[in-house]
Amino acid sequence: IYLSGRGLGELAVFVAFGPLPVCGAAWLQDGVFDLGRLLISLPVGMWTAAILLINEVPDLASDAAAGKRTLVVRLGVEGARWLYLGMHALGAAGALAAVTTGALPAWFAVVALALLALGVKAGLGIASVDEKRAQLQKSIEMTLATQAIGSLALIATVILAT
């Protein structure tokens with residue numbers, strides 16, 4: 001199934017790299033599915049889907065010419081920027097909700113907000129590759145860093161909490 005060219009790639013990546021492995025692995029280990037684990041999976045999925053989204057921006061013209069209807073082609077650069085920012089906001093909301101339910105320790109809220117700030121900085125740098133290639137490249141790098149740092153922080157937090 002060709003999901004990315006239909007504008008569904010980000011959703012598939014979110015599910016495949018967030019709720020499915022996080023909740024699935026936890027369930028396989030102890031047979032329990034709970035809200036806390038689902039909330040913890042949201043930032044991971046959102047950060048990973050954001051990588052896909054931002055990496056579609058440089059390919060906007062070629063994807064459109066080839067008939068690929070990615071979300072960036074459908075929304076344009078400005079719409080992609082807003083969607084990207086929303087993805088980071090939803091990821092942070094998931095982490096903060098996990099803190100409020102006790103699934104993550106209270107201090108993780110600081111980490112979540114710092115990662116949100118990095119995501120916002122990256123999102124504000126999303127621009128047409130023809131206009132601001134270096135700025136877009138920096139935003140792509142920040143997106144990769146957000147996902148890597150955030151995922152490692154969540155893993156370390158969960159390990160330390162057990």
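A: Leu8, Leu11, Val15 and Leu20 form a nonpolar patch on the surface, and together they have about 360 Å² of accessible area. This is a predicted model: local features need pLDDT of at least 70, side-chain atom pairs count only at pLDDT 80 or more, and totals for chains, interfaces and linings use all residues. Residues are numbered from 1 along each chain as its sequence is written, and side-chain values use heavy atoms, with hydrogens and water left out.

Q: What are patches made of here?
A: Residues with over 30% relative accessible area and no salt bridge; like charges are joined within 9 Å, and nonpolar side chains (Val, Leu, Ile, Met, Phe, Trp, Tyr) within 5 Å.

Q: Where is valine 15 found?
A: Valine 15 sits in helix H1, residues 9-17. It counts as partly exposed, at 36% relative accessibility (buried means under 20%, exposed over 50%, partly exposed in between, with a 1.4 Å probe and protein chains only).

Q: New topic: how many residues line the largest pocket?
A: The lining has 19 residues, and Val22, Ala26, Arg37, Ile40 and Val158 lie nearest the centre. Helix H2 (19-30), helix H3 (35-56) and helix H7 (133-161) are the elements that each give two or more residues to that lining.

Q: And how much space lies in the largest pocket?
A: About 540 Å³.

Q: What classes are in the lining of the largest pocket?
A: Twelve residues are nonpolar, four are polar and three are charged.

Q: OK, salt bridges. How many does the count come to?
A: Three, taking a salt bridge as a side-chain nitrogen of Lys or Arg within 4 Å of a carboxyl oxygen of Asp or Glu.

Q: Which residue forms a salt bridge with aspartate 30?
A: Arginine 37, with the closest N and O atoms 2.6 Å apart. Aspartate 30 is partly exposed at 41%, and arginine 37 is partly exposed too, at 22%.

Q: What about aspartate 63, buried or exposed?
A: Aspartate 63 is buried, at 8% relative accessibility. Its side chain meets that of lysine 68 in a salt bridge (3.7 Å, N to O), and lysine 68 is partly exposed at 25%.

Q: Where do arginine 81 and glutamate 78 lie?
A: Both are in helix H5 (residues 71-100), three residues apart, which is about one turn of the helix. Arginine 81 is buried at 15%, while glutamate 78 is partly exposed at 45%.

Note on methods: 1 Å grid on protein atoms, 1.4 Å probe; cavity = no way out; pocket = protein on both sides within 12 Å on 5 of 7 lines; lining within 4 Å. Points joined across faces, edges and corners; volume = space filled by probe spheres on them. Helix = DSSP H or I, 4+ residues; strand = E, 2+ residues; numbered from the N terminus. Nonpolar A, V, L, I, M, F, W, Y, C, P; charged D, E, K, R; others polar. Areas by Shrake-Rupley, 256 points an atom, 1.4 Å probe, with all protein chains shown as cover.
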